[in-house]
Amino acid sequence: VHGTGVLTIDQVGVASGLRSTGAISLEFDTIIQNHPVVTPSLTATARSGNIVLSNISNDVGSIDLRSRIGQSVGVGSGFISFNNNTNLSVAGISTTGDVEVTAQGIMTQTGAIAADTLTLTSRSNSTITHTLLDATNNVRELSFSGRNAFGSSSASASLNFAEADGLTLVGVDTRGSVRIATAGSVTQSVGSSVVAIGFAYASTNGSLTLTNTTNNFYNFAVSGVNANVFSTNTINIENVRGQPGVLLSGFARLISSNSVLQAEPVIAEHLIVRSLADGVAEINLASAGNDVNLLTVEGLTAAGTSLSGQTVRFRDLDGFSILRLRTNGAVRLDSNGAVNQTNANAGIVTGASLTLLGTGQWSLTDVRNIVPRLSGEGLSINLQNTGNIVFGAGIDGATGIVTDGLNNFLRVVTTGSISQTDTIRGDQLVLRAISDG
């Protein structure tokens, strides 16, 4: 059906809405409705106005909705809104304006979506996943909500979305997980939140920035160049919608108001982790597959103004450099490579103990290190320290100090006293206590 002016889908006599067992094609200046559309396939084109088909009783299998400039093939700026009460396949959506799509079933696609702001709403009481993975999708902003069938509360809807060149998230609210795959960067708008069980970003050349302080996601995965994220929840590095762990050519900056954990490896040039918590929290990144070159870790109070009691565990494949490591809790480091300190930002500060594991060479020579208790193993341990130090038990059952291998040694220089409560074993021992008293 083609015409001019406004097409209103309405009731005429006993006939209500548009119903067909075949495809329906509409082309008018503006298309709106008061009654539902029922068809396996709907194509609708607005030549100068909007397409607003938001009746909750629409039952359409596939949609192709387009805004045009008059009779031309140029893309128009009309607003497009569509609501469906069952599964929905997107054959295409095209406008330079905004698009809103709501479905009470699963959303998939066979053609691209082009829009300025794309708002996707899932309304279902079931656990469902929407898959919109056309790599030519092109949207500037994206919003996704997973709601129950009545729209009254959050539900377990997940989204797997691909996009051509990057986007801004203007809101995510679901009890499912969200994965964004794009060649470009992903950011979030001021005042928006990412609230989800899991969030993943997949890219080769882009970066992820989600730093709003109302974000609340648990599982996290990312690939690309850099990632800078904040969550009020624990951040757990995990496989999210097929996206495994952290794989970055640049830095990963993870800040949590709780713990930072992992079930998948972290691979990055620089790993920066901050836990901001007054209560029980930890930083536990002990996967054997971790591979970072630079490490910054801090366990701080919720305000971020002083050290808190987070236990820190970190393991790396082949050695790394420490830029900063501070907490009032215990620290366990594990490596089979060379570990040193660079830039002398603030040294290693631990309020409890430092345990070193693996067969690595530990060269921890920042004069601002504060380690009250030392335990562990390695080919060599060279520690510069401030204050008293005891060679004794550490966390996770570590006791004493063992250096092993060719030319192994333990060297400790400190400004306080040196004592022991457990055994020291190795070939060479150098101890120096420096005091003005």
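Is aspartate 64 buried or exposed in this structure? Aspartate 64 is buried, with a relative accessible area of 17%; here buried means under 20% relative accessible area, exposed means over 50%, and partly exposed lies in between, all with a 1.4 Å probe and protein chains only. The model is a predicted one, in which local features need pLDDT of at least 70 and side-chain atom pairs count only at pLDDT 80 or more, while totals for chains, interfaces and linings use all residues. Residues are numbered from 1 along each chain as its sequence is written, and side-chain values use heavy atoms, with hydrogens and water left out.

The overall form of the chain comes next. Its secondary structure comprises 0 helices and 46 strands (DSSP runs numbered from the N terminus, with helices being H or I of at least four residues and strands E of at least two). Along the principal axes, the C-alpha atoms fill a box of roughly 100 × 35 × 35 Å. The radius of gyration is 29 Å, whereas a compact globule of 437 residues would have one near 22 Å; this radius is taken over C-alpha atoms, and the globule rule is 2.2 Å times the number of residues to the power 0.38.

Of the 437 residues, 53% count as buried. The chain exposes about 17,000 Å², with carbon and sulfur atoms supplying 49% of that area (areas by the Shrake-Rupley method with a 1.4 Å probe; for residues, only the protein chains shown count as cover). A contact means heavy atoms within 4.5 Å. Among contacts between residues at least 6 apart in sequence, 37% join residues at least 24 apart.

Charged side chains can be followed in the same way. There are 22 positive and 30 negative side chains, and the centres of the two sets lie 4 Å apart. Lys and Arg count as positive and Asp and Glu as negative, without His and the chain ends, and the place of a charge is NZ of Lys, CZ of Arg, CG of Asp or CD of Glu. A salt bridge is a side-chain nitrogen of Lys or Arg within 4 Å of a carboxyl oxygen of Asp or Glu, and by this rule the count comes to 14.

One of these salt bridges brings back aspartate 64, which pairs with arginine 66, the closest N and O atoms being 2.6 Å apart. Arginine 66 is partly exposed, at 24% relative accessible area.

A second pair consists of arginine 324 and glutamate 298, with the closest N and O atoms 3.2 Å apart. Arginine 324 belongs to strand β33 (residues 319–327) and glutamate 298 to strand β31 (residues 291–300), so this pair ties together parts that are 26 residues apart in sequence. Glutamate 298 is buried at 2%, while arginine 324 is partly exposed at 23%.

Aspartate 396 sits in the loop between β41 (389–391) and β42 (401–403) and arginine 332 in strand β34 (residues 331–335), so parts that are 64 residues apart in sequence are tied together. Arginine 332 is buried at 16%. Salt bridges that share partners also join Arg274, Glu298, Arg324 and Arg326 into one network.

Two loop residues complete the picture. Asparagine 148 is in the loop between β16 (138–147) and β17 (157–163) and counts as buried, at 12% relative accessibility. Beyond its neighbours within four places in sequence, asparagine 148 contacts Arg123, Ser124, Asn125, Ser153 and Ala155. Serine 126, in the loop between β14 (113–123) and β15 (128–132), is partly exposed at 44%.
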